[in-house]
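Please keep the model open while you read.

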Amino acid sequence: MKLTKMSHACVRLEKDGRTLVLDPGAFSEHDAALDAEAILVTHEHLDHFDEKRLRTALEADPAVEVWTLRSVAEKISAAFPGRVHTVGHGDTFTAAGFDVQVHGELHAVIHPDIPRITNVGYLVDGGRVFHPGDALTVPDRAVETLMLPVMAPWSKISEVIDYVREVKPQRAYDIHDALLTDLARPIYDNQIGALGGAEHLRLAPGESTAL
């Protein structure tokens, strides 16, 4: 499996000539979802879901399909009948040749005064990759590669470290990092790497690795 980190929370997975894209939001490259066979969206916030980008990908290729939760599906499903699938916690499906399990239900708390929205995470190929979206969801099975939301308005570094400890992945790659400046990255690298208990890694936007 080939993993390519796009900007912020977007990830591209490739296997056997097929491509799956997760969370091509407004902070990601404008073409992040193009040429994908399947697209997964964790929740409705603009840094994870960009309606224009998604519509462009669906219009460019009539074979592209999307899996997401209801709040996102309602915005685009009418224009693309049969191609936008609504999923929730516990669901399983196959997308672009990848086996996917859905974990989680709610976005992390941003502030008690802000109502929580829905959020789902996607466990790919039996735990080879887990993308939690904007939540610190712990799947009920082992995870090889955790896509780690390293910096967000709803988190602090102690929670990120404890999340890595609880999931116990073999490795954790940073995502959700568009707001993290280069000056702060060494602090996060040192603390998560030293305290998380898993190999902590980072890919630059557009950079790939083999899993």
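The points below cover a histidine site, then a sheet and its helices.

This is a predicted model: local features need pLDDT of at least 70, side-chain atom pairs count only at pLDDT 80 or more, and totals for chains, interfaces and linings use all residues. Residues are numbered from 1 along each chain as its sequence is written, and side-chain values use heavy atoms, with hydrogens and water left out.

**Site of H45**
- H45 sits in the loop between β4 (38–41) and α1 (51–60). Helices (H or I, at least four residues) and strands (E, at least two) are DSSP runs, numbered from the N terminus.
- H45 is partly exposed, at 26% relative accessible area. Buried means under 20%, exposed over 50%, partly exposed in between (1.4 Å probe, protein chains only).
- Leaving aside residues up to four places away in sequence, H45 touches H107, I110, I117 and D134 (contact: heavy atoms within 4.5 Å).
- The side chains of H45 and H107 make a polar contact (3.3 Å). Such a contact is a pair of N or O atoms within 3.5 Å; within protein, one must be able to donate a hydrogen and the other to accept it, and residues adjacent in sequence count only if both atoms are side-chain atoms.

**Sheet**
- Seven strands form an open sheet with mixed pairing, in the order β7-β8-β9-β10-β11-β12-β13. Two strands pair if DSSP finds at least two bridges between them.
- β7 (92–95) and β13 (199–201) are at the edges with a single partner strand each, so one side of each has no neighbour in the sheet.
- β12 (residues 171–175) pairs with β13 in the parallel sense over three bridges.
- A172 stands opposite H200 in β13.
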